[in-house]
Amino acid sequence: DVLPADDRRELRQRSQTYTRRRSINLTNLRKERTDPDKKPRIYDVENWNATISYSDRQYYDFNTEFDNQTQFRLGLGYNFSLKPNNIKPFAKSKFLRKSDYFSLLKDFNFNLIPKSISFRSDILRTYNEQQFANNIELLDFEQPVLFTKVFNWNRVYDVQYDLTQAMRFTYSATNLSYVNEPVGRIDREDREYFNAYRDTVVQSILKFGDNVDFRQTVTGNYKVPIDKIPILDWLSVDFRYTGNYNWQRAPFSQDTLGNVIQNSRNISINGQANMLTLYNKLKFFKDVNQKFQRQNRGGGGRRQGGRSAGRQDKEEEEEEEEKEKDPNAPNLLDYAAKMVMSLKNVSLIYSQNEGTLLPGYNRTSNIAGMDPGFNAPGIGFVLGHQFENFNRQAALKGWMFENEYINTQYLETY
């Protein structure tokens, strides 16, 4: 007998492995600048770019009734870079030009706007339905359908601001959030369910999702203008501060365990001394250098060609006699000074690392890692500042859960 079409289709599906993939990608969509001479503006549409992609997969085999997945990605980016107009209010002062000791004031400068501003928003939506096949003929039942739903929203921020030519700041942050969805299969044919599903997702997006991980880094670099003082221009000192902060949400099924916050900071000082510049400021060392320079210029390379060996020896003897009579020829003390001046540079590096980890934190993360009321855990903490016994301060202010099952330890590192 000829099997019915449905039975033939089912038999064919059970006897083969089938995979179908489809995708479409639109990457880095943006408008190019048509006028290179036009000054960039913060509101220019050329500062924006977008990426859109869609893909789906259909799969089945002997053991799998179906395994279907769809994925959608939307990325939106913004980047504005500008060469700031450095303001020097005292640069044209004739009085300050009279002495190099006024350079510190004459070269004073500042910028009013950041050097660059950028952020990136990426939404990733993945939906998967899977059902295993029932290959046991004696048991007539369907395996349950398994659903996997992922709706992530990742946002990245970056700001670079050169307050002065010697003082520079950088701020970067990354925020990962989940967009809430109702449980179960997405059934578009059930209009009541689908409308409720859509309203839930829209409301979650309008709230920027539920934050689950926030990280930020603040960096400050300062070149101490000690080299602006003529007597100290052989010295240079660089100061660097890096502060890190991280907020991690508790598992959704165990909110009472509390969130985890931690911060760290690194303070480093790099000092250098250019000894050659220092030596040239001291008359004795400067005279020694000039002696050796004259000696190098005056020696060798002048007597060439077809001269007799006797005449050449005679000239060398005359030259040695001239050196002995030359009062500017290097002496033993000069050679000792030259050995001292073999030290060209001196470097000094200081670095300090500290950190704090606090479990059981009961506040959410909002702007810059602070809670919605902008009270906890404090501006200093999110910038990396270290507080003694911060856990006690947080407990007294009501920032922690009271749960005896929290087994993560409070840590202070140095």
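Arg249 is partly exposed, with a relative accessible area of 25%; buried here means under 20% relative accessible area, exposed over 50%, and partly exposed in between, using a 1.4 Å probe and protein chains only. This is a predicted model, in which local features need pLDDT of at least 70 and side-chain atom pairs count only at pLDDT 80 or more, while totals for chains, interfaces and linings use all residues. Residues are numbered from 1 along each chain as its sequence is written, and side-chain values use heavy atoms, with hydrogens and water left out.

Arg249 has two partners to note. Its side chain meets that of Asp255 in a salt bridge at 2.9 Å, N to O; the term requires a side-chain nitrogen of Lys or Arg within 4 Å of a carboxyl oxygen of Asp or Glu. Asp255 is partly exposed, at 37% relative accessibility. The charged end of Arg249 also sits over the ring of Phe252, 4.0 Å from its centre. For that assignment, NZ of Lys or CZ of Arg must be within 6 Å of the ring centre and within 35 degrees of the ring normal. Arg155 provides another case, lying over the face of Trp153 at 4.8 Å from the ring centre.

Let me continue with the salt bridges. The search of the whole structure finds 18 of them. Which parts of the chain does the bridge between Arg125 and Glu181 link? Arg125 lies in strand S4, residues 116-132, and Glu181 in the loop between strand S6 (167-178) and helix H3, 56 residues apart. Helices (H or I, at least four residues) and strands (E, at least two) are DSSP runs, numbered from the N terminus. The N to O distance in this bridge is 2.8 Å. Arg125 is buried at 13% relative accessible area, and Glu181 is buried at 18%.

The bridge between Lys283 and Asp287 has its closest N and O atoms 2.9 Å apart. Because these residues are four apart in helix H5, residues 283-298, about one helical turn separates them. Lys283 is exposed at 62%, whereas Asp287 is partly exposed at 28%. Elsewhere, salt bridges link Lys106, Asp107 and Lys228 into a network.

I turn now to the aromatic rings. There are 18 aromatic pairs in the whole structure. Rings of Phe, Tyr and Trp (its six-membered ring) pair if their centres lie within 6.5 Å; planes under 30 degrees apart count as stacked, over 60 as edge-to-face and the rest as tilted. How are the rings of Tyr245 and Phe381 arranged? They are edge-to-face, with 6.0 Å centre to centre and 85° between the planes. Tyr245 belongs to strand S8 (residues 235-248) and Phe381 to helix H8 (residues 379-382), so the pair ties together parts that are 136 residues apart in sequence. Both residues are buried. Tyr245 and Phe381 also belong to a cluster in which ring pairs link them with Phe214, Phe387, Phe390 and Trp399.

A cis peptide bond, with omega about -5°, joins Ala376 and Pro377. Pro377 is placed in the loop between strand S10 (345-361) and H8. Ala368 is in that loop between S10 and H8, and its phi is near 55°, a positive value in a residue other than glycine. Ala368 is partly exposed at 26%. Leaving aside neighbours within four places in sequence, Ala368 is in contact with Tyr171, Phe214, Gln216 and Val382, where contact means heavy atoms within 4.5 Å. Phe208, not a glycine either, has a positive phi of about 65°. Phe208 occupies the loop between helix H3 (191-206) and strand S7 (210-224), and is partly exposed at 47%.

Finally, the surface. Ile24, Leu26, Leu29, Ile52, Tyr54, Phe72 and Leu74 make a nonpolar patch of about 580 Å². Strands S1 (18-29), S2 (48-60) and S3 (64-81) each give two or more residues to this patch, and S1 gives the most, with three. Patch residues have over 30% relative accessible area and no salt bridge; like charges are joined within 9 Å, and nonpolar side chains (Val, Leu, Ile, Met, Phe, Trp, Tyr) within 5 Å. The areas come from the Shrake-Rupley method with a 1.4 Å probe, and for residues only the protein chains shown count as cover. Phe72, in strand S3, is partly exposed at 35%.
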